[in-house]
Amino acid sequence: YALPDAKIIHLVRDGRDCANSLRRSYDVLTDENLTHLMGAEMRLGHKVDHRYVPWWVETGREQEFLDASPYVRAVWMWAYMVRRCHDFFSRPEVQEGGRVLHVRYEDLMRSPTREGQRVINHLDLTSTSGFLRRIRRAHTRSIGNYERRPSAEVTAGTHIAHDELSLYDYL
């Protein structure tokens, strides 16, 4: 509402891969990280034992969250954030303006020129040679990496985010 004429690119990635990258690259949502409210993933939360539970965990599911692995916690965070975005972008007043372009990360990596052009068109911009050079560097090596995780973790993460994964055709 603050920027009613802004064009928005909603880039969504399979939450299981997103969580895998968050764990590998940033070591998010470990028990150690839950002992304080300094992490980027949660500046707000409430203390349950010696750990804080993030604000985005549903009331009554605190222990389930704490019992989950950091990977499953990261999938949980992805599901919450994706749902919030979906709910906002689905509002009639947001949809009517045609301000939001939905792009799947996997589509962008597999067809970078086509998807990049969609983004350029949505923003009413003209493609440049620099943009085309950068977009052609896209690769698919990070797609499906979550499958290397223990199957029990993937199953638990998929269960937590089932509805959101289904919403974006990841199941």
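Are W56 and F65 buried or exposed? Both W56 and F65 are buried, where buried means under 20% relative accessible area, exposed over 50%, and partly exposed in between (1.4 Å probe, protein chains only). The model is predicted: local features need pLDDT of at least 70, side-chain atom pairs count only at pLDDT 80 or more, and totals for chains, interfaces and linings use all residues. Residues are numbered from 1 along each chain as its sequence is written, and side-chain values use heavy atoms, with hydrogens and water left out.

**Figure 1. Overview of the protein chain.** The protein chain has nine helices and four strands; helices (H or I, at least four residues) and strands (E, at least two) are DSSP runs, numbered from the N terminus. Their order from the N terminus on is β-α-β-β-α-α-α-β-α-α-α-α-α. The C-alpha trace spans about 55 × 40 × 30 Å along its principal axes. Of the 171 residues in the protein chain, 42% are buried. Among contacts (heavy atoms within 4.5 Å) between residues at least 6 apart in sequence, 62% join residues at least 24 apart. The accessible surface comes to about 10000 Å², and 53% of this surface belongs to carbon and sulfur atoms; accessible areas come from the Shrake-Rupley method with a 1.4 Å probe, and for residues only the protein chains shown count as cover.

**Figure 2. Aromatic pairs, including W55 with Y80.** Rings of Phe, Tyr and Trp (its six-membered ring) pair if their centres lie within 6.5 Å; planes under 30 degrees apart count as stacked, over 60 as edge-to-face and the rest as tilted. By this rule there are four aromatic pairs. In one of them, the ring centres of W55 and Y80 are 5.3 Å apart and the planes stand at 90°, so this pair is edge-to-face. W55 lies in the loop between β3 and α2 (62-67) and Y80 in helix α3 (residues 70-89), so the pair ties together parts that are 25 residues apart in sequence. W55 is partly exposed at 41% relative accessibility, and Y80 is partly exposed at 24%. The pair of W56 and F65 is also edge-to-face, with 5.6 Å centre to centre and 85° between the planes. W56, F65 and W76 form one aromatic cluster.

**Figure 3. Charged groups over aromatic rings.** A charge sits over a ring if NZ of Lys or CZ of Arg is within 6 Å of the ring centre and within 35 degrees of the ring normal. The charged end of R73 sits over the ring of F65, at 5.5 Å from its centre. R13 lies over the face of Y105, 4.6 Å from the ring centre.

**Figure 4. Salt bridge between R73 and D31.** A salt bridge is a side-chain nitrogen of Lys or Arg within 4 Å of a carboxyl oxygen of Asp or Glu. The structure holds 14 salt bridges. One of them joins the side chains of R73 and D31 (2.8 Å, N to O). R73 lies in helix α3 and D31 in the loop between α1 and β2, so the pair ties together parts that are 42 residues apart in sequence. At 2% relative accessibility R73 is buried, whereas D31 is partly exposed at 36%.

**Figure 5. Salt bridge between R83 and E164.** The side chains of R83 and E164 meet in a salt bridge (3.3 Å, N to O). This pair links distant parts of the chain, with R83 in helix α3 and E164 in helix α9 (residues 162-167), 81 residues apart. R83 is partly exposed at 26% relative accessibility, whereas E164 is buried at 11%.

Figure 6. R118 forms a salt bridge with E115, and their closest N and O atoms are 2.6 Å apart. Both residues lie in helix α6 (residues 112-122), three residues apart, about one turn of the helix. R118 is partly exposed at 32% relative accessibility, whereas E115 is buried at 3%.

**Figure 7. Surroundings of V48.** V48 is found in the loop between β2 (45-47) and β3 (52-54). With a relative accessible area of 38%, V48 is partly exposed. Not counting residues up to four places away in sequence, V48 touches V53, E62, Q63 and L66. The C-alpha atoms of V48 and Q63 are separated by 8.2 Å, and the two residues are 15 residues apart along the chain.
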